[in-house]
Amino acid sequence: MLRSGSSNTSSKKLFLRFVAQQQAKSTLRFITCGSVDDGKSTLIGRLLWETQQIFDDQLEALKAASKRYGTQGEEIDFALLVDGLTAEREQGITIDVAYRYFSTLRRKFIIADTPGHEQYTRNMVTAASTADAAVLLIDACKGISAQTRRHAYLADLLGVRHVTLAINKMDRIGFDRRVYDHLSNEMTDFASKLRFDEITAIPISALKGDNISTHSMNMPWYTGGTLLGFLETVKPSREANDRLVMPVQWINRANSSFRGISGTVAEGTVNVGDTIRVAASGQTANVTGIVTMDGCLETASDNRAITITLDKDLDVSRGDVLSNPSSPVELTDHFEATIVWMHEEQGLVGRAYDIKLATQWASASISTIKHHIDVNTFHHEAAGSLSLNDIAVCDVSLNRPLAFDCYENSKILGGFILVDRFTNVTLAAGMIKSNLRRAQNVHRQSLSISRVERELLNGHSGRVIWFTGLSGSGKSAIANALEIELHARGKRTYLLDGDNIRHGLSKDLGFTDADRAENIRRIAEVAKLMMDAGLIVLVAFISPFRRERQLARELIGKNNFSEVYVDTPLDTCERRDPKGLYKKARSGLLPNMTGIGSPYEKPLAPDIAVHGADTPIEESVRVIASLLDMR
């Protein structure tokens, strides 16, 4: 019994010592990136093998899988350790980001195997945003591709400063030094235009294990370090930041007498007794406690999830950002950013998106696309829209100021995503370059006469009635007849017609998707101003996209906005063809004609729907007017 107890005590001490040793080790997060089939997954599998992270049962399963997927002889396909999805194995490419964890005597590692296929560049962006270093693989047989350069550029853009060029598959070229020297020089020359602190070239064979953890006997001409040696010694470039940045996750009300502010300390340190400041409101209070799952603390720093209590209640909610009063976080509603577009749907100027910056959400739109960036030459190219994998410098406008910083100073406050407000799909990732200072320099002027007073003078409320439908559906005719009816009733009105606006306010716009989105944005802003003057504004525009109509509704206010869908079949509109547009479109002279070369998205739930094919205009006017009276 005594022996057994002594043995248990000894084992417990050894275990605790092992845990302490692991906790004392630094952690390096790194990514493997490059083009398709450069050997990223194989390299990760080899690293796990070399560091003895594979159990016996895993090894047996790996051997069986290697035979099943066509590996010759007893050779192991290490890529199968990482390419876990059936779809990946069948296609032979990595689709998702696979994270693996391993350690050596010197350091712990979190490794991300990122997809090489151009279609999945967005996954690489996700992984690189938290990486300290990058292993950029180059297939010695194929050389450097456009995707290799794109991944190098993105790694630089996302703040990775330490890179090793792993020139892989040296066994397939007979360990030829000339190939290694050529590729190393070519890639080093390309990377010299980027902002890497160091770039180290290592010739390897991930499949055979050359220069992974030990020097290769096949390449005596190479006298540098091994890949694992580089990873064990690289020092992440993490600049210390004394300021406090704590995005608020939620308000913690554990019970009726407790109110805490929960979040993760993104930068700096917070102590009991410190004064904190809410970025949006400027309110301040003193920290009276720091609460965690492990108990109360006197201080908390980077990446610690905490709940703080204050000496007084502040108006704080999720999305607010806490900082020190001595180094407050700035606000902006207009900034310049580099955007990586990550979706098949085009990004358009003027289209409304949701933006997530730290824990903050707002409505955003791209106000200007300044230029695309060619990742091969770094040349700037003009562009009117954003397509999948485009990298562009843009101006972004927000509907309200958010706490921010430049990405090179703070990944937390400088990095954002754009989200489709209908599908909740992430469309783009962005890195803030500079504040355009609209929030600081442009202020709303207080006016003496209010909308309510204008409406009292008019004798009715201001409102926007938005007519949508195909060209030739009867929108303008019905809107014009409705204005006559309202005018006869003594209502103050104004009709904004699509063709008329194209002669003035929007004469600089064409009919691309981007121009259509910008056209509707302008009309929505004008309609809102006229409604504020107390007028009933009738808007007759094709307005083919649901997103832009929803933007108009949100801008004007759902209680002030009525969407009228003039539902007329396309064949009826074509038979009418009052302007000859459909005939031109069918002959190829109008490539972006709505309903022919460009889509029309029918309203899913319009406020009012009228049939423009078989309903007399007078009847449509009576229906619309009666429904408006009811509201």
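1. Tyr-153 is buried, and Phe-378 is buried too; buried here stands for under 20% relative accessible area, with over 50% called exposed and partly exposed in between (1.4 Å probe, protein chains only). Please keep in mind that this is a predicted model, in which local features need pLDDT of at least 70, side-chain atom pairs count only at pLDDT 80 or more, and totals for chains, interfaces and linings use all residues. Residues are numbered from 1 along each chain as its sequence is written, and side-chain values use heavy atoms, leaving out hydrogens and water.

2. Searching the whole structure gives 10 aromatic pairs. Rings of Phe, Tyr and Trp (its six-membered ring) pair if their centres lie within 6.5 Å; planes under 30 degrees apart are stacked, over 60 edge-to-face, and the rest tilted. Phe-102 and Phe-109 make a stacked pair, because their ring centres are 4.7 Å apart and their planes are at 20°.

3. Both partners have their own burial value: Phe-102 is buried at a relative accessible area of 4%, and Phe-109 is buried at 1%. Together with Phe-30, Phe-102 and Phe-109 are linked by ring pairs into a cluster.

4. Back to the residues of the opening point: Tyr-153 and Phe-378 form a tilted aromatic pair, 5.7 Å centre to centre with 40° between the planes.

5. Do look at two arginines as well. Arg-149 lies over the face of Phe-190, 5.9 Å from the ring centre, while Arg-351 lies over the face of Phe-545, at 5.1 Å from the ring centre. For a charge to sit over a ring, NZ of Lys or CZ of Arg must be within 6 Å of the ring centre and within 35 degrees of the ring normal.
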